[in-house]
Amino acid sequence: MPPRIRGSSCQPQLLLNYLEPAPSSLTPSLTIAPRHRPATSSAPLPCGRSFSTTPAPQVTRLRRRFNEWVEGSGEQFKEPRYGETNYISRTVNFSDFRPVSPDQPFPNNPNFRSERVLSEKAREMIWQAIMVKGMPLKAVSAQFHVDMRRVAAVVRMKEIEKKWQRENKPLALPYARAVMGMLPTADLSEGEKPFEPINDIHVHSYTMQQLFVPTSESREFTRADAAKAFGERILPPDAKMRIPELVQMERNIAAGMPPREATATFIREAAESEKAFADRQHSRAKATEERTLRVQTDRFEFRIEKINSEDVGPTGRARKAVGWRYGVPHMDRRRGEVKIPTRVE
Amino acid sequence: MRQRRLLRFHGLKRPRVRQTWNKYNLFNLLRLRTPILQSKTLFQQKWVAKSLTRGYHGEHIKEYQWERMFSRRPLSAVNMDPAYMAKHDGSEQAAGRGSGRKVRLGSKYSGPKNQGNLDAPTPYMQMIFAPMERRLDIAIFRALFASSARQARQFVLHGFVTVNGKKMTYPGYLLNPGDMFQVDIERVMAATGRPKRGDRNQKASTTAEESEPAEAEEVEEGEASEEATTSEAAAEPVDAEAAKEKHLATLNHLKEQARKIMLVKDRFNRAKKKKALRKYLKDLKETMDRSRKLRNQSVAEMDEAERELTAILSNLALSSAEQAPEGKRQQQQKDKESAELKAGLQAATGGTVSGSTATSLGLLTNTQRAVLKWVIRNELENPHDPSKPYATPWRPREFMAPFAFIPRYLEVNQRICAAVYLRHPVARPGLSEVPTPFSPMLSQLAFNWYLRRG
């Protein structure tokens, strides 16, 4: 770095003054202060660019437009409008034939909408229904029109939140309040439109083809027949329903059962099916526990299970086979082999 | 090479929409139009589409990695209406000549129908980057815990993220349905809050306080900064000591409230009240100094002090002119969360202060109570704290709201900064769950690009 002249914030200007004898006799004497002198003698001039005599870069047209936008119409996006969304689609209008919905965060993509999220009140309500009232998941899901998996997730995270509250761990309350103010929210109150579809079934790729199946005119060709036509192992939608008890309830109502009684039956059936599921899980875990022998040491817990060394498949390379096998390379030592875990228990 | 690419990350000349909340990015997003492709060959069209879409979706991921992730079979789902399922077995769709009975012209009834789906084609082509949304870093960005996907990636690498309660340091971890990920709260607050920019704001507020306080807002700011200098409180309540600390902060705040009232209402207050208030302020100061020195002040005594001050405050009876701006502010901030107010108070104070304020608040009028409650709650939840790496009191960063949305495949609890990856993103009739800023036409071209190699 070349030596610097201390003492002023705008040296090139002063340097120029020094080199070209200025009309006023005062300026040169002030310019170059000796190095040891303190810098107090010369007052700083309003110039921020030391040692550069090149002109400042011109603001490009694009940058100027950006600056105009930030100070002009972009100003409205700076702050959230608490209680409603603030997406740019509000201001975009391509044409009268292509309307842009205000809940579209991306004006070019009409297929993606910012959908409602559960409000704090709604989450608390779901937690109450499950943990305090002890309602079955399926019943809560059907009552509030919230997906079963979401209900489970809400309860799971609410439990952690309550635990933190008990432990006096700080929560991100200002953040939560701000984010909830920016998002469209659902309170799950009466009369609100359903939160999300709860009876989703996955579209199997086998069923995405077009088939021509000749049948007799008199035959009742049902959903089950259609599934069979697509493939031997394709399940009909009735078997894929997440809450089949709901269909049963509708059948009961169609058969003339009073709605109140049908709902009660539905809740009972849902509780039974959930209990059966829990029992199955429990017995499976118990069976695994009985199979394994746990040996606790200082550092590790060894879990020993019996295996069959013959169980290696027809080629001897089955993935479940245990131990080193002749002719099967250890791929995990190969360069670039991905070792990211695939699941976390 | 990477450095050079990053130089124009948010360039205006060759704009690329990125996964960030940057204001330049917002400007580029606003200008984003489907490019004119008629004059280009099919290869060029696909190339343009691919490069634009990849600039947004996981631009920090290498192309060969993405090519391995790409799936040519996007997932989709259909809602099956239980009422329809109960009434019909599907044979009515094959009735008549094989494609259902024709509806008579002009009749309102259009035959049995599966309700709950939009009447639009399923946008499969908008689902190309669905496998990318499974990545942990991108899911963190989608849950609004980081201001960009790259920042989310850094959080993971630096060990601030847990998956199912265990630390996960691989940003490329593919979430499984049901996985819960959690990000360190402080990191989230720093990422989504306003940055600290010198002490410009503080200076402005202190000058505001020195001059005659004209607006309530300014006074509020000034008192916040002053409070920071006077009290060393605002720590997490972990034990009784911390609870006392919180008490001190509350007392401090009440004191400031009283002072503010005195300043504003100077001319209208009767001398007697003023005198009482001044005396009380002095007493309060003494109490606080003593407790700060001794550190063995009883909680009950502090409660007493608070109660007394609130009683005096209620006697002063704010005029309607003064109430108006405060009431408005409170309406804005408080909106509909009055239910969780108490929970928040309890969370912040550990129960003790909330109980005392609740009893003492009984002395005030409704508006005063609401204002005081709001002020105290805000102060407890969102205190001024110079030790934080972000501007305090915490506020969301600028230009955040246009990017704030949470896709349906995530369920987020913002209070603990945790989210559950419920399922893989799916396309439904008329809707796709992958947040992509590009038009269906462009996405389709990009899909075709990857089909060639996929």
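In chain B, 54% of the 454 residues count as buried, a class defined by a relative accessible area under 20%, with exposed meaning over 50% and partly exposed in between (1.4 Å probe, protein chains only). The model is predicted, so that local features need pLDDT of at least 70 and side-chain atom pairs count only at pLDDT 80 or more, whereas totals for chains, interfaces and linings use all residues. Residues are numbered from 1 along each chain as its sequence is written, chains are lettered from A and ligands numbered from 1 in the order in which they are written, and side-chain values use heavy atoms, with hydrogens and water left out.

Chain B has 18 helices and eight strands, taken as DSSP runs numbered from the N terminus (helices H or I, at least four residues; strands E, at least two). Among its contacts (heavy atoms within 4.5 Å) between residues at least 6 apart in sequence, 73% join residues at least 24 apart.

Within this chain, B:R16 is found in the loop between α1 (2–7) and α2 (23–31). B:R16 is buried yet has no salt bridge, a salt bridge being a side-chain nitrogen of Lys or Arg within 4 Å of a carboxyl oxygen of Asp or Glu. The nearest side chain of opposite charge to B:R16, that of B:E59, is 9.6 Å away, with Lys and Arg counted as positive, Asp and Glu as negative, and His and the chain ends not counted. Leaving aside residues up to four places away in sequence, B:R16 touches B:F9, B:N25, B:N28, B:S51, B:L52 and B:G55.

B:E59 itself forms a salt bridge with B:R150 (3.0 Å, N to O). Because B:E59 lies in the loop between α3 (42–56) and α4 (63–69) of chain B and B:R150 in helix α7 (residues 149–157), the pair ties together parts that are 91 residues apart in sequence. B:E59 is buried, at a relative accessible area of 15%, whereas B:R150 is partly exposed, at 24%.

Over all chains, 36 salt bridges are found. In chain A, A:R303 and A:E301 are joined in one, their closest N and O atoms being 2.8 Å apart; A:R303 is exposed, with a relative accessible area of 57%, and A:E301 is partly exposed, at 31%. A network of salt bridges links residues of both chains, including A:E120, A:R123, B:E411 and B:R415.
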